[in-house]
Amino acid sequence: MNLNSLFFSILLLVANGFSAPASLYGNNLYTDKKGKKTGDVVTILIMEAAKAGSDTRTETEKKNNVSLGQEKSKGKLFGWLPNFGVNSNANISYDGKGVTARNGELKATVTARIIEVLDNGNLLIEGSKVVAINNEEEILEVSGTIRADDINPDNTVYSYKIAEAVIRYSGSGVNADAEKPGLLTRFFNWIF
């Protein structure tokens, strides 16, 4: 093999792309590595923060004043009767205040599988992750619909770009059981 044919062979390989083993994303080194068909996977970057607050104030005031009286009688016949009258004052006021606040934050990553490609090109995804440490299990589940355009070049999608997102974070084990009220407490809460 001479130098020209070796050079031509290398040039042909570069022009056509290196042939890589078949993968979920195609067989060309230069193809886009973003998930786009059923069975492909995408990494979900869960960055959820929720903050809610409510501040209410009610202030009412009511005043009543009642007065009843009689002038001194005129004349000599009834002049000896004393004056009489009724006075009443009532002040009723109410000042009520209420504040409610709730904060939540979840940051995690989970890889989800594309389970269906819809007619409009949107992708249904579903994924879960279970991490077990010292008899404690942390379970993270995510599902929803994403647009193919929302997939970043590194094959990640932010959770706030998932339509109809369902994100569940739960746990089981000794610590999770310790957080639950006991049977007797639950019974009395049910009665009262």
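Colleague: Where does Asn135 lie?

Modeller: Asn135 is in the loop between S5 and S6. Those labels are for strands: helices (H or I, at least four residues) and strands (E, at least two) are DSSP runs, numbered from the N terminus.

Colleague: And what is phi of Asn135 near?

Modeller: Phi of Asn135 is near 60°, which is a positive value in a residue other than glycine. Most residues other than glycine have a negative phi.

Colleague: Before I go on, what sort of model is this?

Modeller: It's a predicted model, where local features need pLDDT of at least 70 and side-chain atom pairs count only at pLDDT 80 or more, while totals for chains, interfaces and linings use all residues. Residues are numbered from 1 along each chain as its sequence is written, and side-chain values use heavy atoms, with hydrogens and water left out.

Colleague: OK, what is the mean pLDDT of the protein?

Modeller: The mean pLDDT is 75, and 58% of the residues reach 70 or more. pLDDT is the predictor's confidence in each residue, from 0 to 100.

Colleague: How many bridges join S6 to S8?

Modeller: Eight bridges join S6 to strand S8 (residues 163–172), and the two run antiparallel. Leu140 stands opposite Tyr169 in S8.

Colleague: What about Glu164, is it buried or exposed?

Modeller: Glu164 counts as exposed, at 68% relative accessibility. Glu164 lies in strand S8, and its phi is near 50°, a positive value in a residue other than glycine.

Colleague: Let's go inside. Which residues touch the most other members of the largest nonpolar core?

Modeller: Val42, Ile44, Ile125 and Ile146 do, out of 15 residues in that core. The elements giving two or more residues to this core are S3, strand S4 (85–117), strand S5 (123–133) and S6. S4 gives the most, with four residues. A nonpolar core is a set of buried Ala, Val, Leu, Ile, Met, Phe, Trp, Tyr and Cys residues joined through side-chain atoms within 4.5 Å.

Colleague: What is Ile125 in contact with?

Modeller: Leaving aside neighbours within four places in sequence, the contacts of Ile125 include Val42, Ile44, Ala112, Ile114, Val142, Ile146 and Ile162.

Colleague: And Ala50, where is its place?

Modeller: Ala50 is in strand S3 (residues 41–69). Ala50 touches Arg102, Asn103 and Gly104, not counting residues up to four places away in sequence. The C-alpha atoms of Ala50 and Asn103 are separated by 5.7 Å, although the two are 53 residues apart along the chain.

Colleague: Last topic: how many salt bridges does the structure hold?

Modeller: Three. A salt bridge is a side-chain nitrogen of Lys or Arg within 4 Å of a carboxyl oxygen of Asp or Glu. In one of them the side chains of Arg147 and Asp150 meet at 2.9 Å, N to O. Arg147 is partly exposed at 43% relative accessibility, whereas Asp150 is buried, with a relative accessible area of 11%.

Colleague: What else does Asp150 touch?

Modeller: Asp150 is in contact with Thr156, Val157 and Lys161, leaving aside neighbours within four places in sequence. Asp150 lies in the loop between strand S6 (136–146) and strand S7 (156–158).

Colleague: And the salt bridge of Lys37, what is it with?

Modeller: Lys37 forms a salt bridge with Asp40, with the closest N and O atoms 3.9 Å apart. Lys37 is partly exposed at 42% relative accessibility, and Asp40 is buried at 2%.

How values were computed. Contact = heavy atoms within 4.5 Å. Buried < 20%, exposed > 50% of the residue type's maximum accessible area, 1.4 Å probe, protein only. Pairing = 2+ DSSP bridges.
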